[in-house]
Amino acid sequence: DNIVLPLYGTYVSCGQPFMTDDSVDRPMSLDQEVVKNPGSTFFVRATGQSMEPTIFHHDILVVDRSQKPVNNSIVLAYNAGEFTVKKYSKTAKGIALKPENAKFSTIHVDERKNFQVWGVVTCVVRKL
């Protein structure tokens, strides 16, 4: 079942927000907002620190298998027998999977080996 809540039509600063009932733009279902292709979308929980500050340990990732990766999209990839989440980069030299955290190294993919992009990360869900 969808939970539909009001979406206010105004943006709020991180200071003192001002909202009234008449500023409700439309009802919104969060699942409809983050899941564009339900038949090809799944959730997975992130672990590790290589994608910080974009993705943190225990964040929930929304992954859409129907989207094709483009340069700088964040993907869930299967490479050398392991799953990883990284930024996708394709150049004349091949595919590279890049971390966001400078403490980690870029993975240069050998496409002849067992490599596959499982989907594009379209949203991150994080508890504060």
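In this predicted model, Thr 54 is found in the loop between S3 and S4. Leaving aside residues up to four places away in sequence, Thr 54 touches Asp 59, Ile 74, Glu 100 and Arg 126.

Two other loops contain a residue other than glycine with a positive phi. In the loop between S4 and S5 lies Asn 72, whose phi is near 75 degrees. Asn 72 has a relative accessibility of 52% and therefore counts as exposed, the limit being over 50%. In the loop between S5 and S6 is Ala 80, with phi near 55 degrees. Ala 80 likewise counts as exposed, at 64% relative accessibility.

The protein as a whole has one helix and nine strands. Along the sequence these follow the pattern β-β-α-β-β-β-β-β-β-β. Of its 128 residues, 29% count as buried. When contacts between residues at least 6 apart in sequence are considered, 46% of them join residues at least 24 apart.

The largest nonpolar core consists of nine residues: Ala 46, Met 51, Ile 55, Leu 61, Val 63, Ile 74, Leu 76, Val 85 and Val 121. At least two residues of this core come from each of strand S4 (60-64) and strand S5 (74-79). Another core, of eight residues, lies apart from it and includes Ala 77, Tyr 88, Ile 95 and Leu 97. Within the largest core, Ala 46 has contacts with Ile 55, Phe 56, His 57, His 58, Asp 59 and Leu 61, residues up to four places away in sequence not being counted. Ile 74, a member of the largest core, is also one of the residues touched by Thr 54.

The largest pocket holds about 230 Å³ of space. Its lining is made up of 16 residues, and those nearest the centre of the pocket are Ala 46, Thr 47, Phe 83, Thr 84 and Val 85. Strand S3 (41-45) and strand S6 (82-91) are the elements that give two or more residues to this lining. The contribution of S6, four residues, is the most from any element. By residue class, the lining of the largest pocket comprises nine nonpolar, five polar and two charged residues. Ala 46 and Val 85, both listed nearest the pocket centre, also belong to the largest nonpolar core.

The mean pLDDT of the protein is 86, and 84% of its residues reach 70 or more. Strand S5 has the highest confidence, at 95, whereas strand S1 (residues 4-8) has the lowest, at a mean of 67. Where pLDDT is low, predicted coordinates should not be read in detail.

Notes
Residues are numbered from 1 along each chain as its sequence is written. This is a predicted model: local features need pLDDT of at least 70, side-chain atom pairs count only at pLDDT 80 or more; totals for chains, interfaces and linings use all residues. Side-chain values use heavy atoms; hydrogens and water are left out. A nonpolar core is a set of buried Ala, Val, Leu, Ile, Met, Phe, Trp, Tyr and Cys residues joined through side-chain atoms within 4.5 Å. Buried means under 20% relative accessible area, exposed over 50%, partly exposed in between (1.4 Å probe, protein chains only). Contact means heavy atoms within 4.5 Å. On a 1 Å grid over the protein atoms alone, a cavity is a set of points where a 1.4 Å probe fits but cannot get out, and a pocket is an open set with protein on both sides within 12 Å along at least five of seven lines; lining residues have an atom within 4 Å of a point. Grid points are joined across faces, edges and corners, and a volume is the space filled by probe spheres set on the points. Ala, Val, Leu, Ile, Met, Phe, Trp, Tyr, Cys and Pro count as nonpolar, Asp, Glu, Lys and Arg as charged, and the others, Gly among them, as polar. pLDDT is the predictor's confidence in each residue, from 0 to 100.
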